[in-house]
Amino acid sequence: MTRKLHAAAALVIAFLLPQSAQADYPDHTVDLVIPYAAGGGIDLLLRSLAEGFSAQFRQSFVVSNRTGAGGAIGVAYVARSAPDGYTLLFVPALVHSVLPLMQSNVGYTEKSFAPICQTFENQMALIVRPDSPFRTVRNIVEVARGKPDGVSFASTAIGTITHLAGAALADAAKVRFNHVPFRGDGDLIGQLIGGHIDFASVTLASAAAAGPSVRVLAIFADTRNPSLPDAPTVKEQGFDVAPTSFGGLFAPAGTPPEVLDKLGNGCRIAVQQLGYVDLAKRLQQSTGYYADAAAFAKRLEADVADKRKLLQRVGLIK
């Protein structure tokens, strides 16, 4: 009988200990991994989010920039981490929905992570020089139809969201643009201003930062952005194209539901803090930048399907 009692007690302890650990979460530092260099827009948003989490949970949430391979190194690191809530990932959906399709050896798939919350939504802008003869998106398309590959289009690297915005426009309009890739928005805007590029696709925040040095012809969005109400959408100009760089916080697949719920609730509160709200406005975020885990997961699933079709149409995957 004694052995049976001891066995029963051991089972009870084994059952209770994990729940107790989860109830105390977090009891030490949480690593928030972003696979890009410090100083960019989403890096700033993550640092503000980390402050909100730290204040709520009275525990350190530390931002860790793990760069390389277009983001794949940092993402794969989190995918291999213990699913305990102490190593999290902050990335745009592109990392989730495009990189695994374009690179078979990235070390993770879209199934490697559990969405926690969406916390940003960067819209894209189509820009030209202030003295450009192009006044509308249709002007660009008409010239491209008459001169295939004769219109130069700048964006960041192939497969990035700014590149896919321009590629989606070319696909919808049935034209070809001469794509010129750059490492960042700052580099390509300089070339645009210098007259070396006809038009460019950049984040709306980068377009706003350039000020009167560029002219915004359109934004890639379903509706106009309140921060730039006079800029029509590409859709308004006749082309059903609105790719958006949305993203947020993920945990490794297998993270306990109780931990995910805690983080989800914490995220909802953190994005409502004045510091985060003000920063989101300064970075030209759309009004719908936040979504809970369920809505975020649904949007990600749709994005994987949409991006697969687009990548196939533009010849980036089979």
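**Close-up views of pockets, contacts and salt bridges**

**View 1. The second largest pocket has a volume of about 690 Å³.** A pocket here is an open set of points on a 1 Å grid over the protein atoms alone, where a 1.4 Å probe fits and protein lies on both sides within 12 Å along at least five of seven lines. Points are joined across faces, edges and corners, and the volume is the space filled by probe spheres set on them. This is a predicted model, in which local features need pLDDT of at least 70 and side-chain atom pairs count only at pLDDT 80 or more, while totals for chains, interfaces and linings use all residues. Residues are numbered from 1 along each chain as its sequence is written, and side-chain values use heavy atoms, with hydrogens and water left out. The lining of this second largest pocket (residues with an atom within 4 Å of a point) is made of 27 residues, and Asp222, Ala242, Pro243, Thr244 and Asp306 lie nearest the centre. Helix 7 and helix 12 (293-313) each bring at least two residues to that lining, and helix 12 gives the most, with 8. Helices (H or I, at least four residues) and strands (E, at least two) are DSSP runs, numbered from the N terminus. By class, 9 lining residues are nonpolar, 6 polar and 12 charged. Asp, Glu, Lys and Arg count as charged; Ala, Val, Leu, Ile, Met, Phe, Trp, Tyr, Cys and Pro as nonpolar; and the others, Gly among them, as polar.

**View 2. The largest pocket has a volume of about 1,200 Å³.** Look for Tyr36, Thr156, Thr160, Arg183 and Gly184, which lie nearest the centre among the 41 residues of its lining. Two or more lining residues come from each of helix 2 (41-57), helix 4 (93-97), helix 5 (99-102), strand 4 (113-122), helix 7 (161-173), helix 8 (185-193) and helix 9 (204-210). Compared by class, this lining holds 20 nonpolar, 18 polar and 3 charged residues.

**View 3. Asp43 sits in helix 2.** Asp43 counts as buried because its relative accessibility is 2%, where buried means under 20% relative accessible area, exposed over 50%, and partly exposed in between (1.4 Å probe, protein chains only). A polar atom of the Asp43 side chain lies 2.9 Å from the backbone nitrogen of Gly39. Setting aside residues up to four places away in sequence, Asp43 touches Ile34, Ala37, Ala38, Val63 and Asn65; contact means heavy atoms within 4.5 Å.

**View 4. Helix 3 (residues 72-79) has Ala72, Gly74, Val75, Ala76 and Val78 buried.** What covers these buried residues includes strand 1 (30-34), strand 3 (87-92), helix 4, helix 5, strand 4 and strand 10 (245-252).

**View 5. Arg299 forms a salt bridge with Glu121.** A salt bridge is a side-chain nitrogen of Lys or Arg within 4 Å of a carboxyl oxygen of Asp or Glu, and the structure holds 9 of them. In this pair the closest N and O atoms are 2.7 Å apart. Arg299 in helix 12 and Glu121 in strand 4 are 178 residues apart, so the pair links distant parts of the chain. Arg299 is partly exposed at 27% relative accessible area, whereas Glu121, at 10%, counts as buried.

**View 6. Asp171 forms a salt bridge with Arg313.** Here the closest N and O atoms are 2.7 Å apart. This pair also links distant parts of the chain, with Asp171 in helix 7 and Arg313 in helix 12, 142 residues apart. Asp171 is buried, with a relative accessible area of 18%.

**View 7. Asp222, Lys235 and Asp240 are linked in a network of salt bridges.** Between Lys235 and Asp240, the closest N and O atoms are 3.3 Å apart. Lys235 is partly exposed at 33% relative accessible area, while Asp240 counts as exposed at 64%.

**View 8. Ile189 belongs to helix 8.** Ile189 counts as buried because its relative accessibility is 9%. Leaving out neighbours within four places in sequence, Ile189 is in contact with Ile127, Val202, Ser206, Ala210 and Val214.

**View 9. Ser213 is in the loop between helix 9 and strand 9 (215-220).** Ser213 is partly exposed, with a relative accessible area of 32%. Not counting residues up to four places away in sequence, Ser213 touches Pro130 and Ile193.

Definitions and conventions: Polar contact = N/O pair within 3.5 Å; in protein donor to acceptor, adjacent residues only side chain to side chain.
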